[in-house]
Structures are given as C-alpha cells and as structure tokens.
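Please read it alongside the sequence and the coordinates.

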Amino acid sequence: MVRYVYDFTEGGRDMAGLLGGKGSNLAEMTRLGLPVPPGFTLTTEACRAFLTTGSEPAGLWEEVSAHLSALEASAGRSLGQPDDPLLLSVRSGAKFSMPGMMETILDIGLNDGSVLGLAKVSGSERFAWDSYRRLVQMFGSTVMGVDSSSFERSLALMKDLRGVRDDVHLTASDLAELVETYKNLIHLETGDRFPQSPAEQLRRAVLAVFESWNGERARLYRRREHIADDLGTAVNVQRMVFGNLGADSGSGVAFTRDPATGRRGLYGDYLPDAQGEDVVAGIRNTVPLAELRRLDAASYDRLRAHMRTLERHYRDLCDIEFTIERGTLWMLQTRVGKRTAEAAFVLAAELADEGLITPDEALARVSGEGLARLMFPRFDASATGTALAHGVPASPGAAVGTVVFDSAQAVRRAAAGEKVVLVRQETTPDDLPGMIAAQAVLTSRGGKTSHAAVVARGMGKVCVCGAEELTVDTDARRFTTADGTVVEEGTVVSVDGSAGAVYAGAVPLVDSAVIRYLEDGPGDEGAQGTVGAVARALSRADTVRRLEVRANADTPEDAARARRFGAQGIGLCRTEHMFLGERRKLVEQMILADTDAERDRALTDLLPLQRRDFAGILEAMDGLPVTIRLLDPPLHEFLPDRTELAVRIATAQARGEEPDAHDVELLGAVNRMHEENPMLGLRGVRLGLVVPGLVTMQVRAIGEAVTERLLAGGAPQAEIMVPLVGDVRELRLVRTEVQRVLAETSRTAGVVLDCPVGTMIELPRAALTAGRIAEEAEFFSFGTNDLTQTTWGFSRDDVEAEFFSAYLDKGVFSTSPFETLDREGVGRLVGIAVAEGRATRPDLKIGVCGEHGGDPDSVHFFHTAGLDYVSCSPFRVPVARLEAGRAALEETEGSDSR
C-alpha cells in the first residue's frame, strides 16, 4: 500500500521529491535538533493522485487522522478544543521553491467557540480575534474562492473608521466585528457558511493546497522557471506558533549572508507582534534583523547559533523563517536561499575559500545565465542627478521604463513592445504576470524578504523595495515623492537595483565592471569582489571543460573582441555580411549581368574587398581556426524590396514620367528570382552550383588572404564551410572546385595552402546521411537554427509571432526551440549525425554555430553529444565557457546552480 503521510521525524532533505522542499527541510531541521513545531507532511504522490482522479487517494485521510492523533497527544490538547484549542497551519511545499505561488492557511481549528477558549488561555482577546480574522480571511479566499480584495477592502474600511494606519492598532472588539463581516461576506459571495468544524477546515484546506498547484499564477511561475507541471506539491500540517502575542513575540525572515551581494553577515527582516505572512507581504515595514538584538537578545543569540548550524550543514546560503512566541524561538522553514547573480559568484568563491565547498562545487553553483546578467550595462553614476527616492536594493541591475501601477497594464504595454516599471505599495502573488512583463519592480513597502524582493531576485529582475519616501496611489495611477513631485503613469523612470535608487527620466548606461574586466583585463589592482569571483569561476571552467568555445564574427573588430572574451577561434564567419552597404551595387551588377564577361567583371571587383575582409579577420585570430561560410542567403536578398521598386515605378508612370531604367531592370530581376519559400529555395550550396564563378571568387579571396598572412609571418587557419548541403554529391562538386582554386592560388604564390573543407549540417537529410557526407567533409558544423526550422516545419519569422505564445501557454513548449535546443527531435538528429559521421571519419571535427551555441542548457547537451566546440556571438563567449565547464562537471558530480 502506498504511504502518503510522513511525520517530520521520519524525513530528511534527500526526500524533496516526495516531501517537497519545505517538508524535507523541516524534517532535516528536526533531525538536527533545532526547535521546529511538530507536524507531518502529505506527499507529492498524494497530490498527483488527487489531481489525476479529482478525489482523495484511498487511505489518505486515515493516515492524516492517525498523524493528527499523535500530534494531539504530544500537545496534550485536540484540534479546535473549545477551552484550549490546538491550531494548525497548512502550507504548500513543492520540490522547487515557488514563493507565494501556492496557498497557505493558518490557524486551522478556530471557530466561534474555540476563539473564546484561545482568548482565555492566551490572556489576550485581541490575539484570539486577530487569529480568527486571519483564518476566516485566508480560508474564505483560498478555499471558498472569495476575491481577496473584498476582505482587504473591509479591513481598510475598518481602519479608516477607527482612524488607525495599521491593523495592529485595531482592538479585540474591532477584530470580532471584522470576523462577522468576513463571514457574512463569504455567505453573500458563495451561499455557503464558513465551516465551524475543525476537521472539515483541515480537510478542505489540504485539498485547496493540492488544487493550488494548478492555479494560474503557479503555472505561470513554473513556465518562467522551467519547472515541470507533473511534480505536484506536498502539504505540510504543523502546530501553530504565534508571533502576534504582543511585544515579546514576532516573526522574521533571515539569510545567513546577504542574498543580494553575497557579503558575510546576518541579513533579514523582523516584525514584532506579527505573523510570518505579515513580513513577506510587506504590508507593514519591518525592522532590520539586527534590531532583534535590542528587542530580545536571548532569541537573537539562539537564532544566530541556529543559522550557523544550518549554513555549515547545508554548506550554502540559507533562507530561514522563524517566529518568536513570548520569548521562545521556533524555526518554521529553511531552504537554500535564492540569490542574485552577483551574490551567487561571490558566495561560491567565499565558501570555497572557507573550505565548505570545493572549487568544482563552486563552479557548479554559478551559471551562464547569471554571468550574462552581470555583463549587462549599469547606470552612469555621473549622470544620475538627484534621486526621486531611495529604498532597499533588493535585486541589482539597471532598468529604464514607463511607470505602470497594476499588473494588467504592465502586461498590456509590454506586449505592445513598451518597457515598463511596475510600481506598487507591495506586491502579492497575483502580481506575478506584471512582474514578469516589467523591466523592474518598485514598492513603497517591504524589505529584502518581502514578496517583491524574493520573487524579483529569483527571476533576476531589477527591484527596489520599501521606498517609504513614495506615496503610491494606485487608484489615481501616480506616486508622489517626499518633496511633492508627482509622477504619473506613463512617465519614464530609471531604477537602480544595486543602489536602491529611483531617478526621473532615462539615465545613460555604461559597461558593467565585468564587461570592463573581460575587455581590458584585471588592471594593476587585480580582479576584486564580484569581478574577482567571476574571474575565478571562468578560470576553473577553462581548466575542466572539454568543449572549445569559438565565436560567430564577421568583422576584424568582432573577432578581436571575441578573442579578448576568450574565444578559441571563429566558428562562423558569414560572408554575406561582407556584401552589404556600398558593395551591394557590385552584387547587383553580378545578378543583372547578361553575359559571362559582365558577371566576371563584377566578381573580379568583389574579390579584393572580400580578400581584405578575410585578411583582417585572420590577423585578429592569428593562430586560431577561422571557419568561413560560403555565401548562404538567396541572391534576391541583396536587391531592393519588390514592393518598393514597384511603387517607385508606378508613381513615375502615374506622373507621366519615364520610370528609371535601372529600377525597371531591378524589378525584372526581383520578379524573376522571386520564391514562395526562399528559406528552402536557391541558397547555400545550390547557389555555388548554379551561379558561375561565385564559389571561385570567394575561395580565391580566402586563398589570397591566407597567402597574405603567411607571407607576413602569421599563422592563419582558415576553414571553408559549404552551407545547406543535403547530399554528398553536392559537397563533392563544390569541394572539387575549392581544391582546384586553392591549388592554383598556391602555385601562383609559391606557398602551401591547407584549408580544410567541411559543411553545415542544417537539413534533416544531411543529418540522416552524415556517414556519406563525411566521406567528403573534413568537419561538420551544425546550423541549429535552420535544422530546427526544417525539423519542425517552422518558418521562424512567421511562427514566433503567430502562435509560439499559445504553444508556450498550452505546454507544447516549455521554452522556444529556437532558444534552447529541442533534444528529442533536433537533438536526436545531432546524435545520429555525430555517430555516423565519426564512424566514417574518426577524426571528424564537429561543432555548432547556431544561436544555441551560447544557450546554457544547449551547451550541456552539446557536451554530452560529443561535439568538439560551440560557437556563439562574442558577448556570449564567456557564458559558453562557463557552461562548458559546468557541463564537464555534470558527468561526475551533478550541477547545482541553486
């Protein structure tokens, strides 16, 4: 029989898949002897069974009842006991942290009778009615489906009537009245009554948490974080402890190190006389954790000791929730804390220095995605001017956008291409769509552990919280600064998440410190702080990785920058980019040529220009391989737009003028060369076989450029790549011509030219016949952009705008196959081509030069598939280096980017 319920004393952190992250860590803290309120966990298996069938799995409630009886026995009181009620919390807890995305219900067990017993036994009527008010509000919204804003409006009205700012100043009678208002609201909205049975409360709360796994915000968060939809959530049932019992009680969230910067020390927020949800919600501004030392030194010292225990045990930054109940400290949760990219690198380096983790573990705990964030520009401090406001620097970075005041508006404007900054008093889980759409989040309340801060940090989103100088009026859609400046919706602001500042207008950007290090080196003082941590991670990655990293570069300037960023060659030099600008006229002449002589003259004029380009790139990459792709796109792409030409001619004719003869000639060529599907038309190797002299000109330019560099004392390593090959006979014909031209150039110059000839694998047929193609190819390079298009039957330019968002919403994709390689389809073709190509030619060099070459997840696949190198844009070279190192570690240790 399947077991569905585990006591906290029975689990451990290695059971996160079954008990969820929260449940497994509660069990781990219990094993460590930390003060954890007792409880039990309903497994993710129970959730999956419930979601599959729509009903509780057989035997579940019998197990719950048995564990509840044990909990009641240990407490010496029963759930909802009228004179001294045992109260419970019911919390979600998936395998991967999803802060605020699923449901929590506190104070289960209170009803109209037991609230009086709680008041008597606690000695505080106000506390009892506050707890009952919280239960009715949470249960009403979470379990019974009443809009939470209805409860919030009732609470706000009560505070206005009583003339108080915070609910902490409401009296017991105020709260009792509010409970009745809430119960009437539930009955009015649902036709049902708030249940007075504690057992019914518990059962319905558990099932509501199970159902919240498929809630809209949970599904949206999982898509954003690439968390599987079939994992389900566990449910943790735990004895309540109370932080809202007076000045000697309170709740807080703590980090063993700063999650924004990685600096050592205790960081967090504390709120006296409050429950944990008050801290996270940000509805009251917290005090720094250090203030707890003054308020309750004994609890502060115990908390510090427990935090040290947890950091040593988990060997990482720990995120902790705690409650102090009348001077007694209770640990309610711990997890490996989410951190910013900056903090991830600094923490990894410091923990390695302290001997808690190895250098390889330090590398596994950072990510290419995080490194990319650190490479983004920052605000120019000399041009910021006076700040509109300052707040808590919750998640670093620089963002510019127009101010919006609700999630729906943020989504609408972002969908229209506008960059926005979401401004709220505080965020709730319902704001997740707007947070995803926005460039930055700004709140007037809350601290580093508020909902806005935790979620933004996890997403790498710029965030400033607790800007108390701002008065945010969401109804009027504006905020007002301390000096009276009014900022209306639609106004452009700049948010500095590193400094915790907000500025009017668009502040200019400058290169980040990490980019300056990659461009210029460490300087006289060496790499320090975040830059030093990045340098160490890259150095370690370079030591352990097997994959080489090349760059896609078409100019000497891009090649030089790529080399500074650590590129080990060029994996794709696109020759078509050398035909643009003023050279387009020469291409037009080649296309419009009526005779071989006219075409030869145009090609002869293009040759020295191409030679100069190649020589410059080979010089920038001296001693490293440079893979030059012969012309790939269809020739009509170098001609003016068909509609534009037709309009010009028609306009001239309408005026009674003679159209420009050249325009008429060009339009004729465009019409003649028009294709219904150019991606699958006359391009790539087909051009080389159909257009006389094109391959000859390009290869001669390459050969002469190599000769020039050899005679100058260089060490050029040019490789010639033939695009879009689908059959070995195509490659054989072009390779024969390439070798003939190189031999002729070699004889003329009196030098030996060794330029390997290979092909791009970008058609399914090429992948499936790779064994034959390898008979002629000395190297393969996967063009995964076109391979993805031709495998899926997609035209990328059309489908991304038309239906990709629907596919992502419906779960067809977890991410776009043009961003992260489709392992099941395209990846299988890659695997076949690698195996069959090397079966024919064991020394076959294989790489990838599509955009996937710089995608972190795809880099791991290419490592596993046995490729020799990846090639990506210069900016992504450091990212690829880092991920290639992490991929090498996965073979033995497993990766953990936290």
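Which residues does Ala344 touch, not counting residues up to four places away in sequence? They are Arg339, Arg365 and Val366, where contact means heavy atoms within 4.5 Å.

The model is a predicted one, in which local features need pLDDT of at least 70 and side-chain atom pairs count only at pLDDT 80 or more, while totals for chains, interfaces and linings use all residues. Residues are numbered from 1 along each chain as its sequence is written, and side-chain values use heavy atoms, with hydrogens and water left out.

Ala344 belongs to helix H13 (residues 341–353); helices (H or I, at least four residues) and strands (E, at least two) are DSSP runs, numbered from the N terminus. Ala344 counts as buried because its relative accessibility is 10%, the class being set at under 20% relative accessible area, with exposed over 50% and partly exposed in between (1.4 Å probe, protein chains only). Val534 is 190 residues from Ala344 in sequence, and the two C-alpha atoms are 9.8 Å apart in space.

Thr256 is part of strand S6 (residues 250–257). With a relative accessible area of 6%, Thr256 is buried. Its side chain makes a polar contact of 2.8 Å with the side chain of Glu311. A polar contact is a pair of N or O atoms within 3.5 Å; within protein, one must be able to donate a hydrogen and the other to accept it, and residues adjacent in sequence count only if both atoms are side-chain atoms. The side chain of Thr256 also reaches the backbone nitrogen of Cys318, at 3.0 Å. Beyond its neighbours within four places in sequence, the contacts of Thr256 include Gly265, Leu266, Met307 and Ile320.

**Helices H4 and H5**

In helix H4 (residues 114–122), the buried residues include Val115, Leu118 and Ala119. Helix H5 (125–142) is among the parts that cover the buried residues of H4. Gly123 follows H4 and has a positive phi, near 75°.

Arg126 lies in helix H5. Leaving aside neighbours within four places in sequence, Arg126 is in contact with Asp167, Val168, His169, Leu170, Thr171, Ala172 and Leu175. Arg126 and Asp258 are 132 residues apart along the chain, and their C-alpha atoms are separated by 36 Å.

**Aromatic pairs**

The structure holds 15 aromatic pairs. Rings of Phe, Tyr and Trp (its six-membered ring) pair if their centres lie within 6.5 Å; planes under 30 degrees apart count as stacked, over 60 as edge-to-face and the rest as tilted. The pair of Tyr270 and Phe322 is stacked, because the ring centres are 6.0 Å apart and the planes are at 0°. Tyr270 lies in strand S7 (residues 264–272) and Phe322 in strand S9 (residues 318–325), so the pair ties together parts that are 52 residues apart in sequence. Both Tyr270 and Phe322 are buried. Elsewhere, ring pairs link Trp792, Phe794, Phe803, Tyr807 and Phe813 into a cluster.

**Cavities and a pocket**

On a 1 Å grid over the protein atoms alone, a cavity is a set of points where a 1.4 Å probe fits but cannot get out, and a pocket is an open set with protein on both sides within 12 Å along at least five of seven lines; lining residues have an atom within 4 Å of a point. Grid points are joined across faces, edges and corners, and a volume is the space filled by probe spheres set on the points. The whole structure has 3 cavities of 30 Å³ or more.

| Space | Volume | Lining by class |
|---|---|---|
| Largest cavity | About 80 Å³ | 4 nonpolar, 6 polar, 2 charged residues |
| Second largest cavity | About 70 Å³ | 9 nonpolar, 3 polar, no charged residues |
| Second largest pocket | About 810 Å³ | 10 nonpolar, 9 polar, 12 charged residues |

In these classes Ala, Val, Leu, Ile, Met, Phe, Trp, Tyr, Cys and Pro count as nonpolar, Asp, Glu, Lys and Arg as charged, and the others, Gly among them, as polar.

The lining of the largest cavity includes Arg91, Arg239, Gln275 and Thr323. Strand S3 (88–94) and strand S5 (233–239) are the elements that give two or more residues to that lining. Among the residues lining the second largest cavity are Leu630, Val685, Leu694 and Val734. Helix H26 (685–690) and helix H27 (694–711) each supply at least two residues there.

The second largest pocket is lined by 31 residues, and Arg629, Asp632, Arg683, Asp786 and Gln789 lie nearest its centre. Strand S25 (570–574), helix H31 (784–792) and helix H32 (796–802) are the elements that give two or more residues to this lining. The largest share, 4 residues, comes from H31.
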